[in-house]
Amino acid sequence: MLGKSNNIKKFLIGQESTDESARLQFDKGRLFFMTPQLLMNKMKLDEKFPVPISTFSMLVLDECHHVHGKTPYNDIMATYRKAKNDSQEMKLPQIVGLTASPGTNKAKDESSAKEHLMKVMTTMDVIHLSTVRKHKENLQEHTSEAEQVVLQMKVRKRNPIQDKLESSISYVERKFNSEKVQKFLDINMQDIHEVKQSLQNTPVQKMEQTYIQWITETRLKVENVLNKDEFVPRLLLTYLRHLEIYAECLEMNSLLDKQAVVDLITAKSSDESIQSQNANTIEERDILKYLEDVCTFMCSLDPQQVECNPDVQEIIHWLQREYEKQGDNSRFFIFVKTRATAKALAKQLEYLKNLSCQYFTGSQVGLEDGGLTKHKQLEVLNKFKSGVHKCLVATAVASEGIDIPECNMMIRYRFTANEITSCQMRGRIRTAGGKEVIIGSEKENLRETINVERMVLMERAVDAVLAMTEHEIREKINKSEQLLFQSEEVERKKALESSKNKVVAKFKVNCRKCSKDIVEGHNLRILKGSLHVVFDNSIFGRITRKPIKHIVTEDIKLTDKVFGECGHEWGHINVYNDCELVVLAQKYIKVYNVAKQVPINIKKWKDVPYKIESVDNDDILAFRASQLPTPE
Ligand SMILES: [Zn+2]
């Protein structure tokens, strides 16, 4: 849009921009477009050429409600506050924030909604609040309120798949009562006792999110006792994996039709067979055989016997009805919660040839889990705009920032949103006569009602702030900005202290699932502040790789998944400066204190209480040189 103003030099700072080229661009350009995270990275003091905030005369924060909470926008503004406090003469940029809804942060009344709005303004150091007043009618001519239809989800009368999955879950859960397992659980040790308690408190409802949560928590507890007895903890982990498979299939079954469940359980069961190649005990073989039988049962179910999912039928009904009205102008969005659902639903809707449904998901890690590359995302959106695809099944990733004025129907399927997302999603529909169809459980639909109430509170809060004098606002904001700055100073000091307090100790990193040694602590390095790299060439002889579709972020390229010699996943191959590095994922490893012979409980890499050395460019080059065969 700004392309026509030729007297302004414009730059799109992309992820591929190197330090030097970005700095050069900042020197030459006048107008820059970039993500907040990228700007934050360029401003970091440990960059070779940090870009000071005073470089800019104005910062426009689009979707500025993201300034609330731990976000890159907030990080940028914290840098701004620090600069403002450090030097009175520093020239700071004017901040302009844009949003369709600043949100209320779950406010229950007008005064707390107003408080939140003032907080958002404080974080951005913004005094003037501007909203359409004078030309409201004019605005309404250009936008139109979508008609909203809220429907309650329906359940099938007979449900053989659900019955089978529920009985499978009971079957696995009963295994926890076996003599071998019970004998182990009776050992008088704190960490084993915790596992026992967890297993005694199995949630009754298997269909709720709490069940999956319980599995995750119990798994963590079992992993903590892994060192003591090989057999039972490993068996418990296997049982928990199987429970997770059945629970995920249960959810899929409640959302979609038989084929989606069959696809899911087939994929999971074949993964499980590979993972259990070394399963030598009767118990492990039994449970795998059971899973394979369930899988066969699902595949062989007569389609006539399985009732269609009534909610999916409802979606198809709406799609067909609106297509009859809109014809080639049809542009439909369906929002769902997970990538797996998006992919499976798009597949099921494939038979509606006129619509050419396509799924649209996020680009972050896990392309094999149904993610799209940035390139593919763009391609899909363009094809949607031009009408090749008339229906996209999307996850939350499409709910903001994507502007497709032609969209005339949005279906939210079992997708709960907060008031900001809800408002933004409605903003996707801008054509006259547009429709918003919401299908959810009673609880989910109640939340939507609350969202509407919060929107009203927010509008009242805006009115209340507009009624204040500029002097009043400035005074209030200055005061709370000071408080905010002080609390940030405390946080910064704490972070500095904790990095100083890290002790030198002999530790090692092991496979979380089987305790196999991965690397000695002194051979672990930190690259770019967060990547934990194995700096030991012997690692390459102890791993197998599985190539993935490359993921590129800034100057790092992910090329392979890494599995240890034990067969368990350990992390990724990252290519940095043409050098292949094994980067460990925290969720696959555990840290072990060698001197004290105790495992260290960590939730994030940052929690490791020991010093880990950082590496820079030169270290990487030296490491790369050491990988090359020595010349003769
Ligand atoms: Zn392992």
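Residues are numbered from 1 along each chain as its sequence is written, and side-chain values use heavy atoms, with hydrogens and water left out. Because the model is predicted, local features need pLDDT of at least 70 and side-chain atom pairs count only at pLDDT 80 or more, whereas totals for chains, interfaces and linings use all residues.

Helices (H or I, at least four residues) and strands (E, at least two) are DSSP runs, numbered from the N terminus. Two strands are taken as paired if DSSP finds at least two bridges between them. An open sheet of six strands has the order 5-10-9-6-8-7, and its pairing is parallel. Strand 5 (147–152) and strand 7 (358–360) are the edge strands, each pairing on one side only. On average, neighbouring strands of this sheet are turned by 20° against each other, direction ignored; axes are lines fitted to C-alpha atoms, for helices over the stretch in contact, and angles run from 0 to 180 degrees between N-to-C directions. Within the sheet, strand 6 (residues 332–335) and strand 8 (residues 391–394) run parallel and are joined by four bridges. Phe333 has Leu392 of strand 8 as its bridge partner.

Helix 14 (residues 339–348) lies across strand 6, strand 7 and strand 8, and runs at about 165° to strand 7.

A second open sheet consists of four strands in the order 12-11-19-20, with antiparallel pairing. Strand 12 and strand 20 (598–600) each have a single partner strand, so one side of each is left without a neighbour in the sheet. Strand 11 and strand 19 (residues 589–593) run antiparallel and are joined by five bridges. Phe507 stands opposite Asn593 in strand 19.

Antiparallel pairing is also found between strand 15 (residues 543–553) and strand 16 (residues 556–564), over eight bridges. Thr544 has Phe563 in strand 16 as its bridge partner. The two strands form a hairpin with two residues between them, and Glu554 in the turn has a positive phi of about 45°.

Most residues other than glycine have a negative phi. Two further non-glycine residues with positive phi lie in loops. Glu63, with a phi of about 55°, is found in the loop between strand 3 (58–62) and helix 3 (72–86). Ser515, with a phi of about 70°, is found in the loop between strand 11 (507–511) and strand 12 (517–520). Glu63 is buried at 14% relative accessibility, and Ser515 is buried with a relative accessible area of 14%. Buried means under 20% relative accessible area, exposed over 50%, and partly exposed in between (1.4 Å probe, protein chains only).

In helix 8 (residues 190–200), the residues Ile192, Val195, Lys196, Ser198 and Leu199 are buried. They lie on the same side of helix 8 because they cover an arc of only 165° around the axis, the arc being that of the directions from the helix axis to the C-beta atoms. Gln190 and Gln200, on the other side of helix 8, are exposed. The cover over the buried residues includes helix 7 (179–185), helix 9 (209–224) and helix 10 (231–255).

Glu173, in helix 6 (residues 160–175), is buried, with a relative accessible area of 16%. Its side chain makes polar contacts with the side chains of Lys206 at 2.9 Å and Tyr211 at 2.7 Å. A polar contact is a pair of N or O atoms within 3.5 Å; within protein, one must be able to donate a hydrogen and the other to accept it, and residues adjacent in sequence count only if both atoms are side-chain atoms. Leaving aside neighbours within four places in sequence, Glu173 is in contact with Thr202, Lys206, Tyr211 and Leu243.

A search of the whole structure finds zero disulfides, a disulfide being a pair of cysteine sulfur atoms within 2.5 Å. For Cys391, the closest cysteine sulfur is that of Cys357, at 3.5 Å, which is too far for a bond. For Cys407, the closest is that of Cys391, at 9.6 Å, also too far for a bond. Cys391 is buried at 0% relative accessibility, and Cys407 is buried with a relative accessible area of 1%.

Conventions:
Contact means heavy atoms within 4.5 Å.
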